[in-house]
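Have a look at the sequence and the 3D view before reading on.

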Amino acid sequence: MTLLPIETVSVVEAVAARLRDRILDGNLGPGSAVTENEVASQYSVSRPTAKGAITMLIGEELLRRQANKSASVPRLTSDDVRDLFMVRIPLELEAV
């Protein structure tokens, strides 16, 4: 029997992964607020853990935060969509 390696992740990484999945699946739509209290309550974690997960997703640009406001799922502007396609087109042409 061959043993397969497993990856150890922190609680912050695990919560961030769940939030990431919810954002990418559309369960948290554009403009949805993501608060530390809400995340802490939903995942039964401490507020610092929730804050760490939110901060991680802000770094990945899946969430945005303005000064003195909760983090939220960004709404894509036409410039954002254009930038995405500028990256995707060469990648897809290379794949073909």
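This is a predicted model: local features need pLDDT of at least 70, side-chain atom pairs count only at pLDDT 80 or more; totals for chains, interfaces and linings use all residues.

Residues are numbered from 1 along each chain as its sequence is written, and side-chain values use heavy atoms, with hydrogens and water left out.

Let's start with charges. Side chains of opposite charge can pair when their charged atoms come close. How many salt bridges does a search of the whole structure find? The search turns up 4, where a salt bridge is a side-chain nitrogen of Lys or Arg within 4 Å of a carboxyl oxygen of Asp or Glu. Among them are these:

| Pair | Closest N to O distance |
|---|---|
| Glu60 and Arg20 | 2.8 Å |
| Arg82 and Asp79 | 2.5 Å |

(Helices, H or I with at least four residues, and strands, E with at least two, are DSSP runs numbered from the N terminus.) Arg82 and Asp79, by contrast, are 3 residues apart in helix α4, about one helical turn. Glu92 and Arg88 are also in helix α4, 4 residues apart, again about one turn.

Now for the largest pocket, which has a volume of about 260 Å³. Which helix gives the most to its lining? That's α4, with 3 residues. Both α1 (11-24) and α4 supply at least two lining residues each. Leu76 and Leu84 are among the residues lining this pocket.

Leu76 and Leu84 turn up again in a nonpolar surface patch with Val81, Phe85, Ile89 and Leu93, and together the patch has about 580 Å² of accessible area. Leu93 lies in helix α4 (residues 78-95). Is Leu93 buried or exposed? At 61% relative accessibility, Leu93 is exposed, since buried means under 20% relative accessible area, exposed over 50%, and partly exposed in between (1.4 Å probe, protein chains only).

With a relative accessible area of 18%, Glu36 is buried. Leaving aside residues up to four places away in sequence, Glu36 touches Arg47, Ala50, Lys51, Ile54 and Arg65, where contact means heavy atoms within 4.5 Å.

Methods: Patches are made of residues with over 30% relative accessible area and no salt bridge: like charges are joined within 9 Å, nonpolar side chains (Val, Leu, Ile, Met, Phe, Trp, Tyr) within 5 Å. Accessible areas come from the Shrake-Rupley method with a 1.4 Å probe; for residues, only the protein chains shown count as cover. On a 1 Å grid over the protein atoms alone, a cavity is a set of points where a 1.4 Å probe fits but cannot get out, and a pocket is an open set with protein on both sides within 12 Å along at least five of seven lines; lining residues have an atom within 4 Å of a point. Grid points are joined across faces, edges and corners, and a volume is the space filled by probe spheres set on the points.
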